[in-house]
Amino acid sequence: MSWAAAIGVLGKIIEKIIPDPGKAAQARQSLVDMALRGELDELAERAGIIKAESQGDGWLQRSWRPIVMLIFTGLIVARWLGWSAPDLSEAVELKLFAIVELGIGGYIASRGIEKVADKFRR
């Protein structure tokens with residue numbers, strides 16, 4: 001698979017997701033920098049691990065990541081609705097939000113890489 005071609009496809013996706021041309025250009029440049037440092041290969045390997053887990057034989061093997069993300073999301077929603085422990089600090093809430101944000105971002109990135117990889121396999 002050619003990362004140059006993948007970056008072209010992902011660049012078009014970035015343009016659709018990020019409407020600001022300046023920020024889209026920064027995101028594309030970050031993608032190129034990641035490719036030059038070899039980080040995209042690492043992301044592709046991680047996406048492969050997640051894909052293998054999602055196609056595993058056991059229900060828990062396939063479902064543990066979404067379950068964890070739902071739990072963290074539920075904790076954030078509970079906090080917003082005032083249904084959380086009274087001593088739960090804002091710092092803890094922000095950490096939970098960062099975990100959910102990272103998880104959702106990782107899911108979106110892995111799905112994007114998976115779609116690009118499928119195009120190159122064909």
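Colour the chain by secondary structure: from the N terminus on, the elements run α-α-α-α-α. That is 5 helices and 0 strands, both being DSSP runs numbered from the N terminus (helices H or I, at least four residues; strands E, at least two). The model is predicted: local features need pLDDT of at least 70 and side-chain atom pairs pLDDT 80 or more, while totals for chains, interfaces and linings use all residues. Residues are numbered from 1 along each chain as its sequence is written, and side-chain values use heavy atoms, leaving out hydrogens and water.

Show the surface of the whole chain. The accessible surface comes to about 8800 Å², and 64% of it belongs to carbon and sulfur atoms; areas come from the Shrake-Rupley method with a 1.4 Å probe, and for residues only the protein chains shown count as cover. Of the 122 residues, 20% count as buried, where buried means under 20% relative accessible area, exposed over 50%, and partly exposed in between (1.4 Å probe, protein chains only).

Next, select residues 59-80, which are helix 4. Its 22 residues should span 32 Å at 1.5 Å a residue, and the end C-alpha atoms are 31 Å apart, which agrees; the expected span is 1.5 Å times one less than the number of residues.

Centre on Arg65. Helix 4 bends there by about 35 degrees, and Pro66 follows within four residues. The bend is the angle between axes fitted to the seven residues ending at a residue and the seven starting there.

Now pick Ser63, Met69, Ile76 and Ala78, the buried residues of helix 4.

For the outside, select Trp59, Leu60, Trp64, Ile67, Val68, Ile71 and Leu75, a nonpolar surface patch with about 660 Å² of accessible area together. Trp59 lies in helix 4 and is exposed, at 55% relative accessible area.

Go on to Trp80, also a residue of helix 4. Trp80 is exposed, with a relative accessible area of 58%.

Finish at Gly82, which follows helix 4 and has a positive phi, near 80 degrees.

Conventions. Patch = residues over 30% accessible without salt bridge, like charges linked within 9 Å, V, L, I, M, F, W, Y side chains within 5 Å. Salt bridge = Lys/Arg side-chain N within 4 Å of Asp/Glu carboxyl O.
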